[in-house]
Amino acid sequence: MRKLKVAIVGATGAVGQEFLRVLEEREFPCATLSLFASARSEGKTMRFRGESLPVRALSEARLAGHDLAFFSAGASVSREYAPPAARAGVLVIDNSSAFRMDPEVPLVVPEVNPGDIAKHSGIIANPNCSTIIMVVVLKPIHDAATVKRVVVSTYQAVSGAGARAMSALFEETQAYLAGGTVTPGALPFASAPKHYQIAFNLIPQIDVFQDMGYTKEEWKMVRETEKIMGPGIAVTATTVRVPVERCHSESLNIETQRKLSQEEAREILARAPGVSVVDDPENMLYPMPLFAAGRDEVQVGRIREDNSIERGLNLWVVGDQLRKGAALNAVEIAEEALRQGLI
Ligand code: A2P
C-alpha cells in the first residue's frame, strides 16, 4: 500500500493525542508523521511507534508537501490553514466545525455516507462528536424502517470540551473534596462571560446560544444529521455537559414510518457496522461511559418500544467521543479515501 506523509494539526490536544494512538493501533500507512500545535508547544515531543517525534509550531509552509493532514485545533485555525493546505495538494480531514455546513465540503461518517468522500475538493469534514455517535445508530434503523423524528438528549463528557475542561473536572473535584474554594474557568467554554463548576454538577449549555433558545451544539446535531443522512428526518436536541471524563451518552427517542419491534430493532443493530449491542437488563448490562472508553464501536442498549406512540423506539447510546466521535472517524475517512483511490 502507498505510504503517506501525514500531519496532525493540534497534536497536543485531547483529540490530537488520540490521533497518534489510533494511527499507531490501526497501522495507518504513514511514511512520515509531522506534529503541529501552537508556538507554545514548540520543543515538546510525543511518542509514536516507539519514537519520539518533535511538536512544531504550525505554518503554511510547513504543512505544504504532506499528502494528508488531520486538523483538530479549533475552527479558527482550520479556517486559516486548511484552504491553503488543500490548494497545495494536501487532503485535509477537518475535525472542527469550520467547513461542516459548506456545500462544497463532504461531511462524512464512513458507515453512513462513504460515497460522499469522492465529492471532496481538498477538504473533508468530520462531523460533531454527538452527531457521529447518533447517526451510526440511526442509519441501520432508517434503512429498515425510515426514521421520521428523533428526540435526543445528550450527557456529554468534559473531554469533549478539550484538555482544559478535562483538567477542570479533576482540579475542581480535588478542591471541593479538600474543602477549598472551587474556581471554575473552563466550562461551558473557556471564552464564556461566566463559568460554572462541573464537579458534582451538570451544565445544560454546550457552546453559545443561538436561534429559538437552542445552543450551537444542539443545532449542529439537527443540521449535520440532515447533511449526512439526507432530508426528511426531524431532529430536536438538548445537549448537556456532565462530570464524566470520557464518552458521550445519548438518550434517543425515535419515531419510524414502519413499526419495529424491540426484537427486530435489536437484530438490526447487532448487524450494524460500528455498533455493538449491550442490552441485557436481567443481568444489569447496558452501555456506560466508564466501560465504553477506548472502544471503537458505539454501544447501544436499553432497547425498548416507545409505549406512548404507535411506531417508536427508545435507545440508550454511548460512544467514546475522542475515538469514534473524532479521531477514529477521521482516520476511517482517510482509510476509505485510500480504498477509493482518492489519496
Ligand atoms: P497547544 O497545546 O500548543 O495549545 P484542545 O481542544 O484539547 O484544547 O486542543 C487544542 C489543540 O489545538 C492543541 O494541540 C493546541 O496546541 C492547538 N492549537 C491551539 N491554537 C493553535 C494555533 N494557533 N496553531 C496551531 N495549533 C493550535
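The model is predicted: local features need pLDDT of at least 70 and side-chain atom pairs count only at pLDDT 80 or more, while totals for chains, interfaces and linings use all residues. Residues are numbered from 1 along each chain as its sequence is written, and side-chain values use heavy atoms, with hydrogens and water left out.

**Exercise 1. Describe the overall build of the protein chain.**

Step 1. The secondary structure comprises nine helices and 13 strands; helices (H or I, at least four residues) and strands (E, at least two) are DSSP runs, numbered from the N terminus.

Step 2. The radius of gyration, taken over C-alpha atoms, is 20 Å, close to the 20 Å of the globule rule for 343 residues, so the chain is as compact as a globular protein of that length. That rule is 2.2 Å times the number of residues to the power 0.38.

Step 3. Along the principal axes, the C-alpha trace spans about 60 × 55 × 40 Å.

**Exercise 2. Identify the domains and characterise the interface between them.**

Step 1. An automatic or database domain assignment divides the chain into domain 1 (4–127 + 326–339) and domain 2 (131–321). Their centres, taken over C-alpha atoms, are 24 Å apart.

Step 2. The contact (heavy atoms within 4.5 Å) involves 21 residues from domain 1 and 20 residues from domain 2.

Step 3. About 1600 Å² is buried between the domains, and carbon and sulfur atoms give 63% of this area. Buried area is the accessible area (1.4 Å probe) that two parts lose on being put together, summed over both. On the side of domain 1, Met101, Glu111 and Val112 lose the most area to domain 2, together 32% of what that side buries.

Step 4. Three salt bridges cross the interface, a salt bridge being a side-chain nitrogen of Lys or Arg within 4 Å of a carboxyl oxygen of Asp or Glu.

Step 5. Helix 1 (14–25) and helix 9 (323–339) each supply at least two residues of the side of domain 1 that touches domain 2.

**Exercise 3. Examine two individual salt bridges.**

Step 1. By the rule above, the count comes to 24 salt bridges. One of them joins lysine 324 and glutamate 111, at 2.8 Å from N to O.

Step 2. Lysine 324 belongs to helix 9 and glutamate 111 to the loop between strand 6 (91–94) and strand 7 (123–125), so this pair ties together parts that are 213 residues apart in sequence.

Step 3. Another pair is glutamate 224 and arginine 100, whose closest N and O atoms are 3.2 Å apart.

**Exercise 4. Locate two backbone features.**

Step 1. The peptide bond from leucine 187 to proline 188 is cis, with omega near 10°. Proline 188 is placed in the loop between helix 5 (163–177) and helix 6 (216–229).

Step 2. Glutamate 27, a residue other than glycine, has a positive phi, near 50°. Glutamate 27 is found in the loop between helix 1 and strand 2 (30–37).
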